[in-house]
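Hi there,

Here is the structure I promised to pass on. Have a look at it first, and then read on for what turned up.

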Amino acid sequence: FGLYVLALVGLARIGRVPLTLLARRLVIELPFLLFAVFLPFVGHGERIEVLGVPLAVGGLWAAWNIVVKGTLGVAASVILAATTPVAELLGGLERLRLPKALTTIAGFMIRYADVIADEVRRMRIARISRGHDPRWIWQARAAAASAGTLFIRSYERGERVYLAMVSRGYAGSMPVLQDLDATRGQWLAALSLPAAAALVAATAWGVRP
């Protein structure tokens, strides 16, 4: 795991991804790792005392593996997202035979996320200008009404955008303006990290007692 961390840190430095940015993006995994904290308490089998608290050894190992593997996976995803444009990511997924409907939906979702966020901001400003800013549980009705209005506006905007695209010749896929095939050097550079990770895994498996 330490070698994997060094490989990802080196990759982040080569890709000019600030380590502070990488650390901030890793915060997204915290809610998914919280349940790992309970594994040492609810695990069975051999137990060990830590600060007077009995913990299951198997639960500790399971929690360690979840935290480390999850962090490594999220870090690799963050580096990929920070160094590769969205259009190229979607193009790569299509080449990996991901259904075109999924890549198309993902592309539109990413493109219009800022538009929807701006719509939410305008609706909030409109509510505040009318002297109403729901923040408490007993004001949930107003928040639900705003969510419904946002859904209707987003749906109508999507219909208008789709009709505009069809009128301009859209046939189910975005046009490819420039098809960039990877060179042999780029393939070798891209495969170097998976090859190094495979070597580390094979070595670790071979030296296991």
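Is phenylalanine 1 buried, partly exposed or exposed? At 35% relative accessibility, phenylalanine 1 counts as partly exposed. Please keep in mind that this is a predicted model.

Now to the aromatic rings. The count comes to four aromatic pairs. One of them joins phenylalanine 1 and tyrosine 4, with 6.4 Å centre to centre and 50° between the planes, which makes the pair tilted. Tyrosine 4 is partly exposed, because its relative accessibility is 24%.

Phenylalanine 1 also pairs with tryptophan 64. Their ring centres are 6.3 Å apart and the planes stand at 65°; edge-to-face pairs have planes over 60 degrees apart, so this pair is edge-to-face. Phenylalanine 1 sits in the segment before α1 (2–14), while tryptophan 64 belongs to helix α5 (residues 57–83), so the contact ties together parts that are 63 residues apart in sequence. Tryptophan 64, at 46% relative accessibility, counts as partly exposed. Taken together, Phe1, Tyr4 and Trp64 make up one aromatic cluster.

There is a nonpolar patch on the surface too. Its members are Phe35, Val37, Phe38, Phe41, Val42 and Val53, and together they have about 590 Å² of accessible area. Phenylalanine 35 counts as partly exposed, because its relative accessibility is 46%.

Technical notes:
Residues numbered from 1 in each chain as written. Predicted model: local features only at pLDDT ≥ 70, side-chain atom pairs only at ≥ 80, totals over all residues. Heavy atoms only, no water. Phe/Tyr/Trp six-rings, centres within 6.5 Å; stacked < 30°, edge-to-face > 60°. Buried < 20%, exposed > 50% of the residue type's maximum accessible area, 1.4 Å probe, protein only. Helix = DSSP H or I, 4+ residues; strand = E, 2+ residues; numbered from the N terminus. Patch = residues over 30% accessible without salt bridge, like charges linked within 9 Å, V, L, I, M, F, W, Y side chains within 5 Å. Areas by Shrake-Rupley, 256 points an atom, 1.4 Å probe, with all protein chains shown as cover. Salt bridge = Lys/Arg side-chain N within 4 Å of Asp/Glu carboxyl O.
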